[in-house]
Amino acid sequence: MAETDTPETPEQAREKARQADHARLVELKRSAEAARAEVQAGAYYEGAWDPWRKLAEEYQAALTGHVAEFGGNRHEVEKSVWGVLHEAEAA
């Protein structure tokens with residue numbers, strides 16, 4: 001850290017952690033959606049949905065953890081995750 005740099009405040013550190021966790025939620029949701037699209041595009045077989053189900057459950061657990069850790073409304077957090085995904089698709 002340079003002498004002119006000010007140390008990170010606890011609020012800044014918490015916001016940085018929240019943003020990093022939100023980015024993790026986006027990647028988990030992106031993976032789950034890719035798995036869903038893959039299984040929908042292929043032929044059905046027993047267990048075809050298992051990879052999607054596992055990823056979807058992981059995302060839901062992470063979403064629950066995010067709201068517990070950082071607060072906020074679960075629906076609003078999920079909306080913001082979808083917003084990031086749709087922005088990336090539009091780009």
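Q: Which residue forms a salt bridge with Asp 21?
A: Welcome! Keep in mind that this is a predicted model. To spot a salt bridge, look for a side-chain nitrogen of Lys or Arg within 4 Å of a carboxyl oxygen of Asp or Glu. Here, Asp 21 pairs with Arg 24, and their closest N and O atoms are 3.0 Å apart.

Q: Is Asp 21 buried or exposed?
A: Buried means under 20% relative accessible area. Asp 21 has a relative accessibility of 13%, so it counts as buried.

Q: How many salt bridges does the count come to?
A: The count comes to 9 salt bridges. One of them joins Lys 16 to Glu 8, with 2.8 Å between the closest N and O atoms. Lys 16 is exposed, at 51% relative accessibility, while Glu 8 is partly exposed, at 41%.

Q: Which residue meets Lys 79 in a salt bridge?
A: Lys 79 meets Glu 76, at 3.8 Å from N to O. These two are 3 residues apart in helix 3 (residues 74-90), so about one helical turn separates Lys 79 from Glu 76. Lys 79 is partly exposed, with a relative accessible area of 46%, and Glu 76 is partly exposed at 42%.

Q: Which residues are linked with Lys 29 in a network of salt bridges?
A: Salt bridges can share residues, as this network shows: Lys 29 is linked with Glu 33 and Arg 36. Lys 29 sits in helix 1 (residues 10-41). With 9% relative accessibility, Lys 29 counts as buried.

Q: Which residues does Lys 29 touch?
A: Leaving aside residues up to four places away in sequence, Lys 29 touches Tyr 59, Glu 78, Val 81, Trp 82 and Leu 85.

Q: Which residues in helix 3 are buried?
A: To read a helix, ask which residues are hidden and where they sit around the axis. In helix 3, the buried residues include Val 77, Val 81 and Leu 85. They cover an arc of only 80° around the axis, so they are on the same side of helix 3. Helix 1 and helix 2 (50-70) are among the elements that cover the buried residues of helix 3.

Q: Which exposed residues does the face of helix 3 turned away from its buried side carry?
A: That face carries His 75, Glu 87 and Ala 90.

Q: How far apart are the end C-alpha atoms of helix 3?
A: They are 24 Å apart, which agrees with the 24 Å that 17 residues should span at 1.5 Å a residue. At the start of helix 3, also look for Asn 73: one of its side-chain oxygens comes to within 2.7 Å of the backbone nitrogen of His 75.

Q: How many aromatic pairs does the count come to?
A: The count comes to 1 aromatic pair. The ring centres of Trp 49 and Trp 52 are 5.4 Å apart and the planes lie at 85°, so this pair is edge-to-face. In general, such a pair is described by the distance of the centres and the angle of the planes. Trp 49 is partly exposed, with a relative accessible area of 26%, and Trp 52 is partly exposed at 26%.

Definitions and conventions:
Residues numbered from 1 in each chain as written. Predicted model: local features only at pLDDT ≥ 70, side-chain atom pairs only at ≥ 80, totals over all residues. Heavy atoms only, no water. Helix = DSSP H or I, 4+ residues; strand = E, 2+ residues; numbered from the N terminus. Buried < 20%, exposed > 50% of the residue type's maximum accessible area, 1.4 Å probe, protein only. Contact = heavy atoms within 4.5 Å. Expected span 1.5 Å × (residues − 1). Arc of directions from axis to C-beta. Polar contact = N/O pair within 3.5 Å; in protein donor to acceptor, adjacent residues only side chain to side chain. Phe/Tyr/Trp six-rings, centres within 6.5 Å; stacked < 30°, edge-to-face > 60°.
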